[in-house]
Amino acid sequence: SANFAISGKRDIPSSDDATKVLVQRHVFPAQMSYLTIPKLSQHAYLKATFENNSDYPLIAGSAMTYVDGDYVGKSVLQDRAVGEKLELSLGVDANIKVKYELVKRFERNKGMLSKKTELEYVYKITCENYRNRPTALQILDQVPISRNEDVEVSDVRLNPEPAEWNKENGKLTWNVELKPKEKREITIDFLVSYPRDAMVNGIF
């Protein structure tokens, strides 16, 4: 539970209807950035990260979200103590263009003795900033991880190298700063080899 000190007096009608009372207005300086997971959605999502530097904890509940004065929808706030950081989603920004495409899929057999099929995949992520200011963008993707000893993922080539590469789950993270009107490309290249008579699903 939390106690809120409300300045001045408020008139609350005598009825069964709920009444809202303003507790405090507070401005939180926020760090604005974008997140995109192109394999799942070719959009860039604006998010605000800030610290609860008010005198009160933030109680979980819905929040009305506006960007540049325009209503974009509702967000959900989680409980946050005084001094704790939180992240708020502000919806899709159409001024950041994201494209995800398979540019190469090449299949070949590795000789008569090995009896293996080898597939080469090359994916390309393209991000463009149509805003008139620099934009921080976090890009997430994944290299497939084999859970079968007969299936091998090899020769992974990433250009440019990601800021983070989790070898346990294959998660890739790039943190890029896009200048106004700048376009950035990322390529993901890897080989998958498996027995010629096998069927492999769920690569991408």
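1. The open sheet. Six strands make up an open sheet in the order β5-β2-β1-β8-β11-β10, with mixed pairing. Its edge strands are β5 and β10 (164-165), each of which pairs on one side only. Strands here are DSSP runs of E of at least two residues and helices are runs of H or I of at least four, numbered from the N terminus; two strands pair if DSSP finds at least two bridges between them.

2. Basis of the model. This is a predicted model, in which local features need pLDDT of at least 70, side-chain atom pairs count only at pLDDT 80 or more, and totals for chains, interfaces and linings use all residues. Residues are numbered from 1 along each chain as its sequence is written, and side-chain values use heavy atoms, with hydrogens and water left out.

3. The chain as a whole. The chain has one helix and 12 strands, and from the N terminus on its elements run β-β-β-β-β-β-α-β-β-β-β-β-β. Its radius of gyration is 24 Å, whereas a compact globule of 204 residues would have one near 17 Å; the radius is taken over C-alpha atoms, and the globule rule is 2.2 Å times the number of residues to the power 0.38. Along the principal axes, the C-alpha atoms fill a box of roughly 85 × 40 × 30 Å. Of the 204 residues, 31% are buried, where buried means under 20% relative accessible area, exposed over 50% and partly exposed in between (1.4 Å probe, protein chains only). Among contacts (heavy atoms within 4.5 Å) between residues at least 6 apart in sequence, 65% join residues at least 24 apart.

4. Strand β1 within the sheet. Strands β1 and β8 (residues 135-142) pair in the parallel sense over three bridges. Thr 36 has Ile 139 in β8 as its bridge partner. Ser 33 also lies in β1 and counts as buried because its relative accessibility is 14%. Not counting residues up to four places away in sequence, Ser 33 touches Tyr 45, Leu 46, Lys 47 and Ala 136.

5. Thr 173 in β11. Thr 173 sits in strand β11 (residues 171-178). With a relative accessibility of 6%, Thr 173 counts as buried. Leaving aside neighbours within four places in sequence, Thr 173 is in contact with Gln 138, Ile 139, Leu 140, Pro 162, Ala 163 and Glu 164.

6. The β3-β4 hairpin. Strand β3 pairs with β4 (residues 70-77) in the antiparallel sense over seven bridges, and Ser 62 has Val 76 as its bridge partner in β4. The two strands form a hairpin with two residues between them, and Asp 68 in the turn has a positive phi of about 55 degrees. Val 67 is in β3; leaving out residues up to four places away in sequence, Val 67 touches Leu 46, Val 72 and Leu 90. Val 67 and Leu 90 are 23 residues apart in sequence, with a C-alpha to C-alpha distance of 7.2 Å.

7. The largest pocket. The space in the largest pocket is about 1400 Å³. A pocket is an open set of points on a 1 Å grid over the protein atoms alone, where a 1.4 Å probe fits, with protein on both sides within 12 Å along at least five of seven lines; lining residues have an atom within 4 Å of a point. Grid points are joined across faces, edges and corners, and the volume is the space filled by probe spheres set on the points. β1 (30-37), β2 (41-51), β3 (61-67) and β5 (85-92) each supply at least two lining residues, and β3 gives the most, with six. The lining has 21 nonpolar, six polar and two charged residues; Ala, Val, Leu, Ile, Met, Phe, Trp, Tyr, Cys and Pro count as nonpolar, Asp, Glu, Lys and Arg as charged, and the others, Gly among them, as polar.

8. Strand β7 and its partners. In β7, 11 of the 14 residues are buried. β7 pairs antiparallel with β6 (residues 96-109) over 13 bridges, and 13 bridges also join β7 to β12 (residues 183-195), again antiparallel. Lys 124 in β7 is the bridge partner of Glu 101, and Asp 189 in β12 is that of Val 122.

9. Tyr 130. Tyr 130 lies in the loop between β7 (116-129) and β8 and, at 39% relative accessibility, counts as partly exposed. Tyr 130 touches Asn 95, Lys 97 and Lys 181, not counting residues up to four places away in sequence.
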